[in-house]
Amino acid sequence: MCIFCDIIDGKIPSTKVYENDKVLCIRDINPVAPTHVLVLPKKHFDDIIDCSKSEDGAVYLDAVSKAVAEVAKIDGLDKGFRVINNCGEDGGQTVMHLHFHVIGGLKLTEKII
């Protein structure tokens, strides 16, 4: 089992921002901005490619999209924010459970790397 699955199952504590039946949104333990929230599908997918191969992948991606909007609302990110998904080791993915970073709370530049 992966660390994000353990967080979703409540085996590892986290700071919850938002939750529904498909996703859990938690504060990142090493934030890069005032708002740095991880949006985790509750069903395990290794990455976005794995999710795209699943019959219910679109349902989870829709839930992620709606959860991102909820996080933005909760954290008052009305002036903007960034959503990042790392896919695979070369893409910077360190936990092999599909997740999205919602980053905001400050003026971000166009440069992301």
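Modeller: A pocket here is an open set of points on a 1 Å grid over the protein atoms alone, where a 1.4 Å probe fits and protein lies on both sides within 12 Å along at least five of seven lines; its lining residues have an atom within 4 Å of a point. The model is predicted, so local features need pLDDT of at least 70 and side-chain atom pairs pLDDT 80 or more, whereas totals for chains, interfaces and linings use all residues. Numbering runs from 1 along each chain as its sequence is written, and side-chain values use heavy atoms, with hydrogens and water left out.

The largest pocket holds about 210 Å³ of space, a volume being the space filled by probe spheres set on points joined across faces, edges and corners. Its lining comprises 13 residues, and Phe4, Ile7, Asp28, Ile29 and Leu38 are those nearest the centre. At least two lining residues come from each of α1 (3–8), β2 and β3, elements that are DSSP runs numbered from the N terminus (helices H or I, at least four residues; strands E, at least two). By class, the lining has seven nonpolar, four polar and two charged residues, where Ala, Val, Leu, Ile, Met, Phe, Trp, Tyr, Cys and Pro count as nonpolar, Asp, Glu, Lys and Arg as charged, and the others, Gly among them, as polar.

The second largest pocket contains about 170 Å³, and the residues around it include Gly76, Asp78, Phe81 and Arg82, together with Gly105, Lys107 and Leu108. Its lining divides into four nonpolar, three polar and four charged residues.
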